[in-house]
Amino acid sequence: MAPTSLLLLPLLLLLCLFPAVSSVGVNYGTLGNNLPQPKKVAQLLQSTLIDKVKIYDTNPEILEAFSNTGIDLIVAVENYHVSNISSDVAAADEWFATRVAPFIPATSIVAIAVGNEYLTTDTDHLALNALVQAMQNLHGVLLARGLDRKIKVTTPHSMAVLASSFPPSASTFALELIPTMTSIVGFIADTGAPFMINAYPYFAYRDNPGKIDLEYALLGNTTGVRDPKGFVYNNMLDAQIDAVRSAINALGFGNRTIEITVSESGWPSKGEAGDSAATPENAKKYNTRLIERGQSDKGTPMRPKDKVEVFVFALFNENKKGGGVSERNFGILNGDGSKVYEIDLSCKFCSGNGGAVGFGEKVANAARGPSVWCVAKPHADEKVLQAVLDFCCGPGGVDCREIYGSGDCFEPNKLHAHSSYAMNAYYQMHGRNYWNCDFKGAGLVTFGDPSYGRCRYPQQ
């Protein structure tokens with residue numbers, strides 16, 4: 001038999017031909033006294049299209065709950081911890097060793113957000129330079145541990161880091177932030193991390209309802225707003241993203257590859273008295289369109305080929321969150337798991353309840369035991385799965401007769417089911433090392449036996 005490295009080569013060549021699957025993330029805040037246990041949240045999200053979750057700390061209960069779920073997590077350093085982590089690499093290493101390391105690789109942590117809107121929050125008491133140093137220290141920790149390619153270090157910004165956001169092509173960062181932003185953008189470009197921006201057309205419309213068209217703010221296809229350089233914007237979010245892009249370019253990074261991620265965006269279903277924009281109807285319209293945008297591969301007028309990852313804000317209404325009424329009503333779900341308004345979170349590749357949302361419904365969860373299996377992630381891209389299937393049943397050496405027409409695992413005759421069987425067989429053949437179930441992020445190690453009916457998944 002050829003060496004494993006040679007067997008993997010055809011798979012790697014095939015997978016490199018396909019872009020990563022478009023994903024939709026969600027922000028999971030916990031400032032409420034009526035929220036479900038994290039384990040129930042993780043079970044619920046496994047049967048939806050959500051495949052990335054961003055949290056605002058390193059809550060160990062949440063990190064444990066999302067282990068072996070196939071859902072990627074972004075954890076955070078709270079603003080008040082940034083100064084300590086910036087002090088030296090040893091402090092950053094201690095934070096990582098106690099807060100993050102115990103949960104990987106079972107929990108797929110793909111990024112660390114250092115602070116949240118740090119540069120525009122309490123600027124009188126937070127040192128701007130501490131943010132850059134904290135990011136560098138944490139990256140140094142990941143580099144030393146060989147985790148720098150798996151886990152990226154970034155920081156989410158508010159739109160307030162811009163001097164102005166319109167017209168998008170003329171946008172720049174606020175003058176007092178330019179030295180800090182130059183360092184941050186340089187770090188982002190050098191490490192391949194995403195530049196995160198929290199963008200809310202809702203606030204812009206709420207504060208200027210007479211000047212902004214509601215459908216433009218709601219991501220609707222209106223007649224469009226024209227930028228002096230010829231770009232036409234049919235929604236405000238695209239204009240906000242391109243404003244950030246222009247500001248980055250103005251710092252001299254126009255020739256560098258920098259991915260912009262919308263780390264927060266959403267619309268509240270309820271606001272203060274007189275806030276006519278914050279309604280369930282508008283929230284449904286905005287978040288439905290936002291999710292559709294996240295699932296698409298389209299970019300913006302300025303960069304039409306650069307897809308933009310989005311994180312919906314937020315998963316739950318948080319009844320203990322400070323601020324106005326709207327701040328407590330950005331959730332798409334209530335604390336009991338029911339929808340605040342009707343919104344489609346179903347995933348056609350998911351198993352279990354087929355995308356039905358609600359904590360009162362039973363979620364299939366096989367008994368855990370000493371055996372482990374490898375299956376395809378519910379949200380894995382079909383082109384990637386086909387490449388995996390072709391490899392496993394070809395040069396990978398897997399006996400795939402069970403998923404052929406007369407085999408016990410032929411039904412359901414679905415690519416996801418067939419590739420899961422082949423992935424698992426390959427994984428078992430090669431010693432059940434976690435890297436044998438990676439398949440460029442398409443595989444998931446599970447303790448639940450995926451066998452069904454007469455179809456038996458092999459195990460070591």
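**Close-up views of a predicted model**

**Figure 1. Strand β13 and its neighbours.** Strand β12 (residues 260–265) pairs with β13 in the parallel sense, over three bridges. Val262 of this pair stands opposite Val310 in β13. β1 and β13 also pair in the parallel sense, over three bridges, and here Val26 stands opposite Val312 in β13. Strand β13 (residues 309–312) is covered on both faces. Glu309 and Phe311 lie on one side, Val310 and Val312 on the other, and all are buried. In a regular strand the side chains alternate between the two faces of the sheet. The coordinates shown in every figure come from a predicted model.

**Figure 2. The nine-stranded sheet.** The sheet is open, its strands are paired in parallel, and their order is β5-β4-β3-β2-β1-β13-β12-β9-β6. β5 (152–154) and β6 (156–158) are the edge strands, each pairing on one side only. On average, neighbouring strands of this sheet are turned by 25° against each other, direction ignored. Helix α7 (residues 178–191) packs on the sheet and touches β5, β6 and β9 (195–198). The direction of α7 makes about 165° with that of β5.

**Figure 3. Pairing of β1 with β2.** Strands β1 (residues 24–27) and β2 (residues 50–54) run parallel and are joined by four bridges. Asn27 has Lys54 as its bridge partner in β2. Strands of a sheet pair through backbone hydrogen bonds, either parallel or antiparallel.

**Figure 4. Val53 and the nonpolar cores.** The largest nonpolar core has 101 residues, and Val53, Phe66 and Val114 are those with the most contacts inside it. Helix α10 (residues 236–253) gives the most to this core, with 10 residues. A second, separate core has 30 residues, including Val388, Cys392, Cys400 and Cys455. With residues up to four places away in sequence not counted, Val53 touches Val26, Tyr28, Leu45, Phe66, Ile71, Asp72, Leu73, Ile74 and Phe311. In soluble globular proteins, nonpolar side chains tend to be buried together.

**Figure 5. The buried face of helix α4.** Asn79, Val82, Ile85 and Ser86 are buried in helix α4 (residues 79–87). Seen down the axis of α4, these buried residues fall within an arc of 100°, so they line one face of the helix. An α-helix has 3.6 residues a turn, so residues three or four places apart point the same way. The cover over the buried residues of α4 includes β3 (72–77), α5 (89–99), β4 (109–114) and α6 (128–144).

**Figure 6. Crossing of α4 and α5.** The axes of these two helices come within 6 Å and cross at roughly 120°. That angle makes α4 oblique to α5. On the α4 side the contact is made by His81, Asn84, Ile85 and Ser87. On the α5 side it is made by Ala91, Ala92, Trp95 and Arg99.

**Figure 7. Asn129 and Ser86.** Asn129 is placed in helix α6. Asn129 is exposed, with a relative accessible area of 60%, whereas Ser86 of α4 is buried. The two residues are 43 residues apart in sequence and 8.8 Å apart in space, C-alpha to C-alpha.

**Figure 8. The whole chain, for orientation.** The protein chain has 13 helices and 15 strands. Of its 460 residues, 53% are buried. Among contacts between residues at least 6 apart in sequence, 71% join residues at least 24 apart.

Conventions. Residues numbered from 1 in each chain as written. Predicted model: local features only at pLDDT ≥ 70, side-chain atom pairs only at ≥ 80, totals over all residues. Heavy atoms only, no water. Buried < 20%, exposed > 50% of the residue type's maximum accessible area, 1.4 Å probe, protein only. Arc of directions from axis to C-beta. Contact = heavy atoms within 4.5 Å. Pairing = 2+ DSSP bridges. Axes fitted to C-alpha atoms, helices over the stretch in contact; angles between N-to-C directions. Core = buried A, V, L, I, M, F, W, Y, C linked by side-chain atoms within 4.5 Å. Parallel < 35°, antiparallel > 145°, perpendicular 65-115°, else oblique.
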